[in-house]
Amino acid sequence: GFLEPTKGKVRIGGKNMRGIGPNKRPTAMIFQNLALFPLMSVADNIGFGLEVRGVSRPERRKKATDLLELVDLPGVEDKRVSDLSGGQMQRVAIARGLAVQPAVLLLDEPLSALDLKLRQHMRTELRKIQKLSGVTFIYITHDQGEALTMSDRIGVMSAEGNLEQVDKADVLYNEPQSAFVADFVGDNNAFKATVSEVTNGYAVVKTPCGPLKGNNCRNLDVGQGAIAFVRPEAIALASDANITDNRISCMVENLSFEGPFVTVYLKAGKDQTFVMRQNNDGSSPLLQIGANIEVFFSADNTRLLSNGELSDG
């Protein structure tokens, strides 16, 4: 409500929200710092928005009790929020947002202050609460794990405010429509390339590592500049001499052991660096830094996109 849009429309339930004050919109918000009232009881926190709307105290109390059941936190109506754990405070903030029956609940990085295990647990809980309540959640996050795990649809926005792609999580990850999205969502290796051949939905491109074949998903033409994107988990050691897909001779520059998997940093040619991710089965020996190896990846796992802006992080 502090800024008027210069163009465009924001519709909720088909109704344009331009010119409608924040207190009149069918929305509620959960802030990054939660913004719970420390001197109020849990029930009074949850019922605050209803009190502003003139709802009676018995009705507010009943609504708070019902919502605490929904967020799996029964029997804490009379506690102070300072007596609750971080995860419990998150649930109270969600209940307060749902109390006014919004059409849309806005969440501004609500899990960022929690430790890893609690954050992972609350992802599941938030998703369950959303399904039970039926309210649309718009969730702002920089944590891609949260976005991929929790969302029905994800919108990737560039720093300039352009909405680059909106899709389901698996489509966004496996079928990015622009170089920005491919580079931004998850880890991805980018090989600068020029198209040299196009045939049957695939293309062969020239790269610093030699020719690579990929899925010509954007209908690139011969001579056009492109970027070949390959996920680290799609790359494997080329131990079978009969493999004819994309093969690259390279050197192991570094290793990062991360428990269930190992990230292998590779260098090919003069200055092409890329990353391979191997599952740790507990029995296979780790590659050695400085070792010369050959890796491969399939053409179907090589996504060719036209040149474009890459993300900065």
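I started with what a patch is: residues with over 30% relative accessible area and no salt bridge, where like charges are joined within 9 Å and nonpolar side chains (Val, Leu, Ile, Met, Phe, Trp, Tyr) within 5 Å. A salt bridge is a side-chain nitrogen of Lys or Arg within 4 Å of a carboxyl oxygen of Asp or Glu. Accessible areas come from the Shrake-Rupley method with a 1.4 Å probe, and for residues only the protein chains shown count as cover.

Two notes on the source. This is a predicted model, where local features need pLDDT of at least 70 and side-chain atom pairs count only at pLDDT 80 or more, while totals for chains, interfaces and linings use all residues. Residues are numbered from 1 along each chain as its sequence is written, and side-chain values use heavy atoms, leaving out hydrogens and water.

**Patch.** I found Met 29, Phe 31, Leu 106, Ile 138 and Ile 140 forming a nonpolar patch on the surface, with about 410 Å² of accessible area together. Ile 140 sits in strand S5 (strands are DSSP runs of E, at least two residues; helices are runs of H or I, at least four; both are numbered from the N terminus). Ile 140 counts as partly exposed, at 46% relative accessibility (buried is under 20%, exposed over 50%, partly exposed in between; 1.4 Å probe, protein chains only).

**Helix H3.** I counted 11 of its 14 residues as buried, so H3 is largely enclosed by the rest of the structure. Gly 87, Gln 90 and Arg 91 are among them. After H3 comes Gln 101, with a positive phi near 50°.

**Gln 165.** I placed Gln 165 in strand S7, and at 5% relative accessibility this residue counts as buried. The Gln 165 side chain reaches the backbone nitrogen of Gln 177 at 2.8 Å.

Notes: Polar contact = N/O pair within 3.5 Å; in protein donor to acceptor, adjacent residues only side chain to side chain.
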